[in-house]
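Subject: Structure handover

Hello,

The structure we talked about is below.

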Amino acid sequence: MMEHTSRYNVRLLVMEALTVLLALLFLVPFYFVLVNSVKSFGDIMSNAAGWPSQFRFDNYSKVWDIMRYPQALVNSLLITVISNVGLVVISSMAAYQMVRRPTRTNKVLFFLFVAAMVIPFQSIMIPLVRVASEVGLMNSHYGLIICYFGFGVSLNLFLYHGFIKSIPHEIEESAVVDGCTPYGVFWRIVFPLLKPMTITVILLNSLWIWNDFLLPSLVLHSPEIRTIPLQVYAFFGQYTKQWDMALAGLVLGVTPMVVFFLLMQKHIIEGISAGAVKG
């Protein structure tokens with residue numbers, strides 16, 4: 001028994017060591033970006049892998065002004081928050097209706113939404129631009145948000161649909177007996193039970209919307225309404241040969257999402273764990 005435990009512990013130790021090495025390997029690019037973002041251009045050219053001989057935090061202050069970072073941050077936050085709220089409300093309510101009323105029409109609609117997930121964006125982006133131009137959605141935040149509603153509902157509805165199936169119908173029947181309206185049943189009884197899946201949906205949507213480049217590049221044209229990925233792209237293209245400035249801009253671009261993960265880490269783990277148990 002002790003020999004078996006010893007073998008198991010050795011194997012576990014080896015696996016943990018390999019995991020740590022693999023994690024360090026993936027962290028190497030982040031090290032280069034962070035370290036070189038506080039170096040001078042000459043310092044980067046002489047020793048890109050070494051520690052800075054002098055920390056140049058003024059790189060960030062220069063990039064902050066040149067990139068119009070506060071404006072780009074507000075644009076990205078506005079688009080991400082409103083898109084998330086709309087997708088959660090629309091998808092959860094639609095999924096609830098399709099699960100609790102499995103009519104033939106609802107089954108066909110659910111099939112169409114699921115089928116839409118396999119259509120690649122590149123195949124419809126040119127028709128999308130033409131339609132958006134005709135209805136006045138181009139070059140505006142709200143036009144981009146409406147596009148995100150259309151592209152994001154399918155996956156969100158699919159996730160909510162599977163989760164709602166696991167909620168006992170008797171809970172809702174008891175609320176109806178107590179005099180709760182259909183909307184009251186959903187918002188007071190069902191929606192709070194969807195918290196694990198809602199957290200997962202918000203996480204997936206935030207990653208997609210915040211880091212999305214292709215759709216905003218097609219819809220947003222004016223510099224003052226650009227999101228952070230668009231500003232980073234424009235800035236990086238302008239300062240490609242100035243690696244000290246370009247890397248500082250790259251760090252500013254990824255910082256908000258890193259902060260989001262650190263603040264939401266507990267809720268993300270709880271949501272994924274609860275979702276796995278429910279499923």
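Leu 194 is buried, because its relative accessible area is 0% and the cut-off for that label is under 20%. Please keep in mind that this is a predicted model.

As for where Leu 194 sits, its place is in the loop that runs between helix H9 (182–193) and helix H10 (195–211). Setting aside neighbours within four places in sequence, the contacts of Leu 194 are Ser 92, Tyr 160, Phe 163, Ile 164, Ile 167 and Phe 186. One of these, Ile 167, lies 27 residues away along the chain, with 9.0 Å between its C-alpha atom and that of Leu 194.

The second item is empty space inside the protein. Rolling a probe the size of a water molecule over the atoms shows where such space is left. Counting cavities of 30 Å³ or more gives one. The largest cavity has a volume of about 40 Å³.

Its lining consists of Ser 76, Ile 79, Thr 80, Leu 144, Tyr 148, Ile 209, Trp 210, Pro 216 and Thr 227. By residue class, the lining has six nonpolar residues, three polar and no charged.

Which helices each supply at least two residues of that lining? They are helix H4 (69–100), helix H7 (141–164) and H10. The largest share, three residues, comes from H4.

Regards

Methods: Residues are numbered from 1 along each chain as its sequence is written. This is a predicted model: local features need pLDDT of at least 70, side-chain atom pairs count only at pLDDT 80 or more; totals for chains, interfaces and linings use all residues. Side-chain values use heavy atoms; hydrogens and water are left out. Helices (H or I, at least four residues) and strands (E, at least two) are DSSP runs, numbered from the N terminus. Buried means under 20% relative accessible area, exposed over 50%, partly exposed in between (1.4 Å probe, protein chains only). Contact means heavy atoms within 4.5 Å. On a 1 Å grid over the protein atoms alone, a cavity is a set of points where a 1.4 Å probe fits but cannot get out, and a pocket is an open set with protein on both sides within 12 Å along at least five of seven lines; lining residues have an atom within 4 Å of a point. Grid points are joined across faces, edges and corners, and a volume is the space filled by probe spheres set on the points. Ala, Val, Leu, Ile, Met, Phe, Trp, Tyr, Cys and Pro count as nonpolar, Asp, Glu, Lys and Arg as charged, and the others, Gly among them, as polar.
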